[in-house]
Amino acid sequence: MTRIALIDDHAVVRTGYRRLLSAEPDFEVVGEAASADEANALILRCTPDVALVDLSLKGSSGLEAIRGMLARRPSLRILVLSMHDSPGHITQALKSGAHGYLTKYCEPDEVIDGIRRVAAGKRVFSPEVAEILAREAIDGDPQLQHLTPREFEVLRMLVQGQSANGIADSMHLSQKTVLNYLSLIRQKLDADSDFKLLHFAARHGMVELGTLAA
């Protein structure tokens with residue numbers, strides 16, 4: 001029996017996953033969480049074998065949830081199921097410790113098969129994700145590779161309009177630590193202005209410039 005945790009900030013989505021997975025005789029959904037903090041507590045309480053994780057959560061993102069869960073349960077297998085299909089999100093999820101990455105455009109059977117394969121110790125990618133990773137390996141932006149998952153998360157929150165203080169609260173860090181991260185990010189990306197950071201983020205699918213302009 002494969003014990004599964006559902007990490008997604010939408011209750012309706014979690015309910016849909018639970019119904020889908022509970023119909024499989026070798027699956028047991030043992031818990032749900034809507035945030036990184038809830039996920040960390042859930043892992044200790046329910047000891048699942050596989051966590052199905054969205055990257056968009058309340059507060060800190062799924063990247064923080066992945067790192068926190070693996071720190072508490074290193075044997076946990078992580079399968080990301082997200083609407084984000086940018087090279088940045090995929091790369092950082094894998095650097096955070098994810099064992100597979102599917103998009104929410106995939107079919108239900110792909111999710112079920114993906115969970116079984118991840119639980120068996122394999123890596124799983126939907127076809128479009130595999131193509132993105134292949135392109136990134138050939139001609140990806142080397143600056144993106146220089147960012148750690150936590151730096152990526154700080155940048156993501158900054159370009160989406162959060163202040164350094166707000167980022168610190170969400171990530172349970174001091175404001176000084178966040179400012180240090182921002183300084184490192186600017187150095188790594190050779191960005192001497194927030195405008196350059198914004199364009200870097202837009203180029204890697206972390207934010208849409210048209211949305212911000214509106």
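**Close-up views of a predicted model**

Figure 1. With a relative accessibility of 1%, S126 counts as buried (under 20% relative accessible area, with exposed meaning over 50% and partly exposed in between, for a 1.4 Å probe and protein chains only). S126 lies in the loop between β6 (124–125) and α6 (127–139); helices (H or I, at least four residues) and strands (E, at least two) are DSSP runs numbered from the N terminus. Leaving aside residues up to four places away in sequence, S126 touches Y101, L102 and T103, where contact means heavy atoms within 4.5 Å. The C-alpha atoms of S126 and Y105 are separated by 9.5 Å, the two residues being 21 residues apart along the chain. The model is predicted, with pLDDT of at least 70 required for local features and 80 or more for side-chain atom pairs, whereas totals for chains, interfaces and linings use all residues. Residues are numbered from 1 along each chain as its sequence is written, and side-chain values use heavy atoms, without hydrogens or water.

**Figure 2. Packing of helices α8 and α9.** Helix α8 (residues 149–159) packs against helix α9 (residues 164–171) at an angle of about 130°, and their axes are 10 Å apart. The axes are lines fitted to C-alpha atoms over the stretch in contact, and angles run from 0 to 180 degrees between N-to-C directions. The two helices, α8 and α9, are therefore oblique to each other, a term for angles that are not under 35 degrees (roughly parallel), over 145 (roughly antiparallel) or 65 to 115 (roughly perpendicular). The contact joins R150, E153, V154, M157 and L158 of α8 to I167, S170 and M171 of α9. By class, five of these residues are nonpolar, one is polar and two are charged.

**Figure 3. Burial of helix α8 and the residue G161.** Helix α8 is largely enclosed by the rest of the structure, because 10 of its 11 residues are buried. The buried residues of α8 are P149, E151, F152, E153, V154, L155, R156, M157, L158 and V159. Just after α8, G161 adopts a positive phi of about 100°.

**Figure 4. The protein chain as context for the close-ups.** The protein chain contains 12 helices and six strands. Its C-alpha atoms fill a box of roughly 55 × 35 × 35 Å along the principal axes. Buried residues make up 49% of the 214 residues. Among contacts in the protein chain with a separation of 6 or more, 66% come from residues 24 or more positions apart.

Note on methods:
Ala, Val, Leu, Ile, Met, Phe, Trp, Tyr, Cys and Pro count as nonpolar, Asp, Glu, Lys and Arg as charged, and the others, Gly among them, as polar.
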